[in-house]
Amino acid sequence: MNKNNAKEHFPFSYVVLGNEDDKYIRITRFEECKPALKNVVIPSYIKGVPVKILGESLFRNTDIESVSIPNTVVEIHPFCFEECNNLREINFPDSIKYIFK
């Protein structure tokens, strides 16, 4: 990933992938808030482009307690929820095709 292509949609950083006819978003980073955001709702779209991928180590070692994933997401990359000791609930939609280890 070229860091110059990263964009912000607080509390997420993301990249737009694909081509002009089929753009989609991979969320690459979650910025923990102060006070900590406990219940995270991932947006379906950012600036009209669907969020399809949750990137590697996205929530790693954060204090989140729940995550709501929209039905636009089809992939969850490795270590996305690693070391999230307070995580109690994840809403997985039927749209998810791949969860990578």
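**Terms and their cut-offs**

Author: F30 is buried, and so is F59. The term buried means under 20% relative accessible area, while exposed means over 50% and partly exposed lies in between (1.4 Å probe, protein chains only). This is a predicted model, in which local features need pLDDT of at least 70 and side-chain atom pairs count only at pLDDT 80 or more, whereas totals for chains, interfaces and linings use all residues. Residues are numbered from 1 along each chain as its sequence is written, and side-chain values use heavy atoms, with hydrogens and water left out.

Reader: Why is I42 called buried?

Author: The relative accessible area of I42 is 3%.

Reader: Where is I42 found, and which residues is it in contact with, leaving aside its neighbours within four places in sequence?

Author: I42 is in the loop between β4 (39-41) and β5 (45-46); strands are DSSP runs of E of at least two residues, helices are runs of H or I of at least four, and numbering starts from the N terminus. With those neighbours set aside, the contacts of I42 (heavy atoms within 4.5 Å) are F12, I27, V51, L54, F59, V67, S68, I69 and P70.

Reader: What makes F30 and F59 an aromatic pair, and why is the pair called tilted?

Author: A search of the whole structure finds four aromatic pairs. In one of them, F30 and F59 lie 5.0 Å apart centre to centre, with 55° between the planes. Rings of Phe, Tyr and Trp (its six-membered ring) pair if their centres lie within 6.5 Å; planes under 30 degrees apart count as stacked, over 60 as edge-to-face and the rest as tilted. The distance is therefore within the limit, and the angle belongs to the tilted class. The pair links distant parts of the chain, since F30 is in strand β3 and F59 is in the loop between β6 (49-54) and β7 (66-68), 29 residues apart.

Reader: Why is the pair of Y98 and F100 called stacked?

Author: The planes of Y98 and F100 are 20° apart, and their centres are separated by 5.9 Å. An angle under 30 degrees counts as stacked, so the name applies.

Reader: Are Y98 and F100 buried or partly exposed?

Author: Y98 has a relative accessible area of 45% and is therefore partly exposed. F100, at 36%, counts as partly exposed too.

Reader: Why are β4 and β9 called edge strands?

Author: An open sheet of three strands has the order β4-β7-β9, with parallel pairing. β4 and β9 (89-91) each pair on one side only. Between β4 and β7 there are three bridges, and S68 in β7 is the bridge partner of V41.

Note on methods:
Two strands pair if DSSP finds at least two bridges between them.
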